[in-house]
Amino acid sequence: MLPKKIKIDVRKFHFKGSSIVVGIPYLWLLVFFLCPCLILLKISFANSALQVPPYSAIFKWLDDNIAQLTFNVANYRLLFTDELYVRTFLTSTVIAAGSALACLLIGYPMAYAIVRSGRKTRMIMLMLVVLPFWTSFLMRVYAWVMLLAPTGVINNILLYLGVIDHPLKLMGNYCAVIIGIVYTYLPFMVLPVYSSLEKIDKSIIEAAQDLGCAPTKVFFSVVAPLSMRGVATGIFLVFMPAIGEYVMPEILGDPSTVTIGRIVWNEFFTNLSWPVASALSVIMIIFVAIPVTLWHSGRQSRLNKRAGQV
Amino acid sequence: MAAKSRHLNKIEPWHDPEERPYVYIENLTKDYDGSIAVDEVTLSVYRGELFSLLGRSGCGKSTLLRMLAGFEIPSSGRIYIDGIDMSGIPPHRRPVSMVFQSYALFPHMNVEQNVAFGLKQEKLPKSQINERVNDVLELVQMLDFKKRKPHQLSGGQRQRIALARSLVKRPKLLLLDEPLAALDKKLREKTQLELVNIQEEVGITFIMVSHDQEEAMTMASRIGIMADGRIIQVGTPTEIYEYPNSKYVSNFVGTINMFEGVVMEEEENYAVVRSSVLDEINIMVEHSTSAAIGAHVSIAIRPEKVVISKRPPKDRNYNCVKGIVQDIVYLGDVSIYHVELANGRIVYSTATNLFRIAERPIQWDDEVYLYWLPENSILLTA
């Protein structure tokens, strides 16, 4: 048995054109995603130090024969014990979840309207959804500052109309941050929902009507379940960047809206505490990656189960 | 004799003047911004019929079906089902169910849920839903596949589920849009007969759209031939095949030999037509359509009714022409002989292969006589 086990399949070492094509994305992910992540992980176990780069090495030769590997878990302990960080995580989660929900509530009807419209208007509407991407991201965020500021457009109009007698505080709260995120990330919700709605065979909807289902009920019993994949993709695409968002809370929020993005910035650039910032990032990656992986593997196992039944 | 005719009226209700049509379509027109898909169609379908709308793609048959289901709103005209005017009634309130060409099964539901969907909309008690779902799945022999999802079924199985999902609602009218088009030939032939058996068992009126004339001939009680948005002939498969009312129908259903000619004589039972393509000989035709002397008409004769022989017929009643065998198309059970007349016109004759091919009495380049009885040919004016 043993020789059989160590026998190497030579075919594996033949390089084919297809393996190169498939290999490029893997190589890309390895160099630009996995390596940085490992470096991040390494830094998160180091000590802050006054040197360049500003952290201690975790691997050291004590003498010729003994190597020392030091894992400093103080950074992680800090994150779980200091109330500031816990609160920050909660704030970010609330903002990201709120943004994803708001995107869904606005984006789903938009996508639905686009799918239901005629061929020509459909193209125009899709263009309009993507159009804001053509202007600078910062410009769009500052546009919201112009609208929401105490002396901004909205307050001025309301003051002029006499609806209010002193400016409302529209900025510097969760709501403003969510508005900014929703405005920026809405296409990430609209496009996947649109593509999942577009794939639904029109005759399936007609069949539901034909079987006695009223139009509103057709939506909830047929259209909505069949577009769930697009909704899930949209939620992830909005939630994931939103949870680490730095610019929006910085510009549209106030010092009280402390999010993970801002605190990472602070640790890196103000406190020069790379290890704490790294630990924060690692926790965030885990925080985001776990639900995604669970959802994905759940879907995979459902698919496998389906395949198994055939 | 009276009893027999009453019985005939029961299976052929369209012959009974007192029978009320179950589905009555009156002057129905569908106009898509100037292009007319369905043009002034009037049609009666009787209870328990399996009516087939037959026509080439784009002839308006699917539009007509979709108007019956309520998916398209007629530009003018009315539809009555069981005496009730359907105008303004949305699809989900019509006593009609449709089997889609793509089957349109709900991909996120299993077979049982798909079939129960329509009954759930009626808010029936669960026990009753289960009972009816089981009954109908047994009828289409799919009881063992209850928990499968549509993508785990073969084309034929999906077709059965689509049928079951519609039948379980016990609609007054079942519409089938090319129900067998997605199946392969062998399965299609098997399913045709199954579908007819199921229809007879449940007694629901079926209206089926098809572009396959063989399918329509096999299944339908009556066929409506459609072209350019109009129904040009309605009749039983036999009537459509043996007595087509126009060149279009005779060409569309089966193959036919067609000769242009001029009416020379008109007698009580037959007309004499002189046709330049048939060597200027006089051809006798049994005629049901009236044609004046001197009128330009067409004589049509089905290839299987043309006898091919090396000897001329003894009986003087036969119409007879002479020609040379150009081609023999061997189809196993029958052969189609392409016979060229002296003037170059090709006449087709189908003969059963009574002998093995090597012993076939008629071969290429043989001089043959083609003859047929007057009552087997058709006089067409349109």
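This is a predicted model: local features need pLDDT of at least 70, side-chain atom pairs count only at pLDDT 80 or more; totals for chains, interfaces and linings use all residues.
In strand 12 of chain B, V272(B) is the bridge partner of E265(B). Strand 12 spans residues 270–274 of chain B and pairs with strand 11 of chain B in the antiparallel sense, over 4 bridges. Together, strand 11 and strand 12 of chain B make a hairpin, with 3 residues between them.

Strand 11 of chain B, residues 257–266, is also joined to strand 14 of chain B, residues 296–301. Here 6 bridges connect the two strands, and their course is again antiparallel. Within this pairing, M258(B) stands opposite A300(B) of strand 14.

Further along chain B, 5 strands form an open sheet with antiparallel pairing, and their order is 15-19-16-17-18. Its edges are strand 15 (307–309) and strand 18 (346–352) of chain B, each of which pairs on one side only. On average, neighbouring strands of this sheet are turned by 45 degrees against each other, direction ignored. Inside the sheet, strand 16 (residues 319–330) and strand 17 (residues 334–341) of chain B run antiparallel and are joined by 7 bridges. A handy landmark in this pairing is I328(B), which stands opposite Y337(B) in strand 17 of chain B.

Attention now turns to the partner chain. In the model, 17 residues of chain A are in contact with 20 residues of chain B. On the side of chain A that touches chain B, at least two residues each come from helix 9 (202–210), helix 10 (215–226) and helix 14 (274–309) of chain A. Helix 9 of chain A gives the most to this side, with 6 residues. Sorted by class, the side of chain A that touches chain B holds 9 nonpolar residues, along with 4 polar and 4 charged ones.

Finally, a word on confidence. The model scores ipTM 0.84 and pTM 0.81. For chain B, the average pLDDT is 89, and 95% of the residues score at least 70. Residues 1–8 of chain B deserve a separate mention: the pLDDT is below 50 over this stretch. Beyond near neighbours in sequence, residues 1–8 of chain B have 1 contact in the model.

Methods. Residues are numbered from 1 along each chain as its sequence is written. Chains are lettered from A and ligands numbered from 1 in the order in which they are written. Two strands pair if DSSP finds at least two bridges between them. Axes are lines fitted to C-alpha atoms, for helices over the stretch in contact, and angles run from 0 to 180 degrees between N-to-C directions. Two residues are in contact if their C-beta atoms, placed from the backbone, lie within 7 Å. Ala, Val, Leu, Ile, Met, Phe, Trp, Tyr, Cys and Pro count as nonpolar, Asp, Glu, Lys and Arg as charged, and the others, Gly among them, as polar. pLDDT is the predictor's confidence in each residue, from 0 to 100.
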